2 protein chains.
Amino acid sequence: MTTAPCFQAAMGRYFALSDDDCRMLEHLERHTAPASKDRVLWLLGARVQNLFILQSGWACTVRDTGEGERQIIELLLPGDIIGLREFTFRRHGSEARMISAGSVSTFTHQHIVDLVAASTSLAVSLFATIGRQEALLTERMLVTLHRSARVQVSHFVLETYLRLSKIQPVDPGRMPFPISQRLLGQILGLSPVHVNRTLTALERDGVLEKHRAHIVIHDPRRLHAEADFDDDYLSDRVDGLSERLAELREGDASFAVSRSGS
Amino acid sequence: MTTAPCFQAAMGRYFALSDDDCRMLEHLERHTAPASKDRVLWLLGARVQNLFILQSGWACTVRDTGEGERQIIELLLPGDIIGLREFTFRRHGSEARMISAGSVSTFTHQHIVDLVAASTSLAVSLFATIGRQEALLTERMLVTLHRSARVQVSHFVLETYLRLSKIQPVDPGRMPFPISQRLLGQILGLSPVHVNRTLTALERDGVLEKHRAHIVIHDPRRLHAEADFDDDYLSDRVDGLSERLAELREGDASFAVSRSGS
DNA sequence: CGTACCTTTGACGGCTGTCAAAGGAAGTGG
DNA sequence: CCACTTCCTTTGACAGCCGTCAAAGGTACG
């Protein structure tokens with residue numbers, strides 16, 4: 001039951017947080033419990049209530065698409081917040097479940113409102129977080145719609161490698177990857193058969209080597225080229241907002257004042 | 001230079017806004033100017049600075065995908081805010097441009113910070129807005145990855161019809177639709193040739209009839225079936241948050257207080 | 001009246017899905 | 001420690017949706 005401030009680190013990626021901000025984030029991570037593989041965090045159609053912070057292990061949100069097919073919408077890694085995109089909805093439009101065993105912190109959607117009310121910088125950090133998650137989704141869509149299966153697989157592996165590297169050092173020669181070929185197909189919208197053919201080809205060409213729960217990246221540069229990768233969308237850089245936050249903190253409410261009515 | 005409170009109406013979809021909130025939104029819509037067809041609002045890679053409220057006309061955000069192909073990421077209709085998903089980024093990961101002539105209100109990303117600082121209910125409404133935009137993207141991805149071109153086209157037309165209907169009455173027999181077949185292909189990830197074949201088939205079967213700038217929906221119910229449509233993701237219903245906002249407004253900061261202690 | 005863009009149609013090819021079956025690897029219970 | 005079950009991986013054959021290429025007709029606009 002570690003209380004590694006996983007989420008604090010993630011939220012602090014965009015700009016420095018105050019001590020008060022950190023205390024509030026700690027509060028969110030207070031109720032942490034282990035979660036087994038395949039543990040369901042919420043079901044499709046369930047009333048929105050709880051959000052989660054993934055402390056360890058991998059998770060995903062997923063939708064069934066008629067005819068028994070499933071599509072993974074987002075892959076969540078440690079430090080990610082689960083449910084932010086849906087916290088203003090009445091009911092969940094997806095299912096959320098653990099991919100591997102791990103642990104999650106639980107809190108309610110009303111806590112998010114409290115956070116937003118209490119701290120502008122945390123609110124903006126949440127916008128930054130949701131924006132990054134959406135950028136992942138956008139990039140996935142671009143790749144799945146316009147690139148071959150080979151590029152898709154390469155792109156996803158590299159993206160995941162880069163995301164993981166942000167939260168912990170990762171050895172390209174042995175990167176954690178608890179994703180079966182079937183699941184990989186559900187992430188990319190490919191059939192498991194074709195995923196297998198693609199992986200076999202990538203292994204034959206010495207690009208990477210997928211094992212049951214890890215991947216060997218033989219040549220990161222080669223993979224980068226295979227994936228035709230442009231990593232702008234993974235950037236945590238924010239611009240011009242921290243300055244504005246500082247001004248607001250110092251009482252310059254030039255705009256905010258004008259609201260309360262002349 | 002109308003000051004139709006287009007955006008206020010959109011922001012008020014989730015829960016009632018106070019007079020102060022409305023005044024602040026008016027402020028955002030102060031600088032409104034006409035925008036011609038194909039007017040570029042920002043370019044890929046440009047520094048993030050301005051956001052826009054689409055007062056009239058249609059717009060989109062778009063990405064080039066190598067090899068001269070383009071993918072429309074989101075379609076923006078009157079009342080939509082343009083740039084919210086990227087306002088915490090340093091540079092734009094997309095291009096934004098007008099699809100048809102219209103008018104837009106312009107303000108800076110720092111204004112969003114001011115808004116969030118000044119009003120919790122507006123901040124939460126912004127989260128609701130960004131969440132709905134992301135839901136559109138998710139649904140588009142599910143349909144494009146797993147359904148035939150026929151379903152994709154039907155789904156998109158119906159979705160657009162329902163979105164439009166939320167902001168103005170729409171006659172199914174003559175719905176505005178300033179989208180060329182080429183553009184429709186860029187939205188769905190299909191070739192213009194195949195879009196044409198699909199539309200031809202849908203017209204032959206009496207489902208709809210696309211003209212240069214409008215669509216005739218012969219039988220909405222039939223279209224609904226063709227699209228295998230589930231409109232949950234278009235819901236504006238929010239749950240449990242307005243109550244919390246009211247409590248906070250009345251000074252109940254039970255959570256916010258507990259943060260700084262024990 | 002010409003230019004540019006949009007729409008339409010046909011032929012052809014390929015990437016990827018489906019179906020089917022067999023071999024492996026991991027976990028379970030006796 | 002072994003049988004059994006279940007899931008994952010692998011391979012082959014075949015089909016189909018959709019992209020590409022090409023060309024012609026239509027429509028708006030200057």
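The legends below describe close-up views of a predicted model with two chains, A and B.

Local features are reported at pLDDT of at least 70 and side-chain atom pairs at pLDDT 80 or more, while totals for chains, interfaces and linings use all residues. Residues are numbered from 1 along each chain as its sequence is written, chains are lettered from A in the order in which they are written, and side-chain values use heavy atoms, with hydrogens and water left out.

**View 1. The two copies and the turn that relates them.** Two copies of a chain are related by a rotation about an axis and a shift along it. Here chain A can be laid on chain B by a turn of 180 degrees with a shift of 0.0 Å along the axis, giving an RMSD of 0.0 Å, when the copies are superposed by least squares on the C-alpha atoms of residues with pLDDT of at least 70 in both. This is the relation of a two-fold axis.

**View 2. The surface through which chain A and chain B meet.** The contact (heavy atoms within 4.5 Å) takes 66 residues from chain A and 66 residues from chain B. Of the interface residues of chain A, 97% are also interface residues in chain B, so the copies meet through the same surface. Chain A and chain B bury about 6,500 Å² between them, 64% of it on carbon and sulfur atoms, where buried area is the accessible area (1.4 Å probe) that two parts lose on being put together, summed over both.

**View 3. Salt bridges between the chains and within chain A.** A salt bridge is counted when a side-chain nitrogen of Lys or Arg lies within 4 Å of a carboxyl oxygen of Asp or Glu, and ten of them are found across the interface of chain A and chain B. One of these joins the side chains of B:Asp114 and A:Arg244 at 2.8 Å, N to O. The largest share of the side of chain A that touches chain B, 20 residues, comes from helix H4 of chain A; helices (H or I, at least four residues) and strands (E, at least two) are DSSP runs, numbered from the N terminus. Within chain A, the side chains of A:Glu159 and A:Arg140 meet in a salt bridge of 3.0 Å, N to O. A:Glu159 lies in helix H5 (residues 149-167) and A:Arg140 in helix H4 of chain A, so the pair ties together parts that are 19 residues apart in sequence.

**View 4. The four-stranded sheet of chain A.** An open sheet with antiparallel pairing has the strand order E2-E7-E4-E5 in chain A, and two strands pair if DSSP finds at least two bridges between them. Strand E2 (40-42) and strand E5 (70-76) of chain A stand at the edges with a single partner strand each, so one side of each is left without a neighbour in the sheet. Strand E4 (residues 59-64) of chain A is joined to E5(A) by six bridges, and A:Arg63 stands opposite A:Gln71 in E5(A).

**View 5. The three-stranded sheet of chain B.** In chain B, three strands form an open antiparallel sheet in the order E9-E11-E10. Strand E9 (175-176) and strand E10 (208-210) of chain B are the edge strands, each pairing on one side only. E10(B) pairs with strand E11 (residues 214-217) of chain B over three bridges, and B:Lys210 stands opposite B:Ile215 in E11(B).
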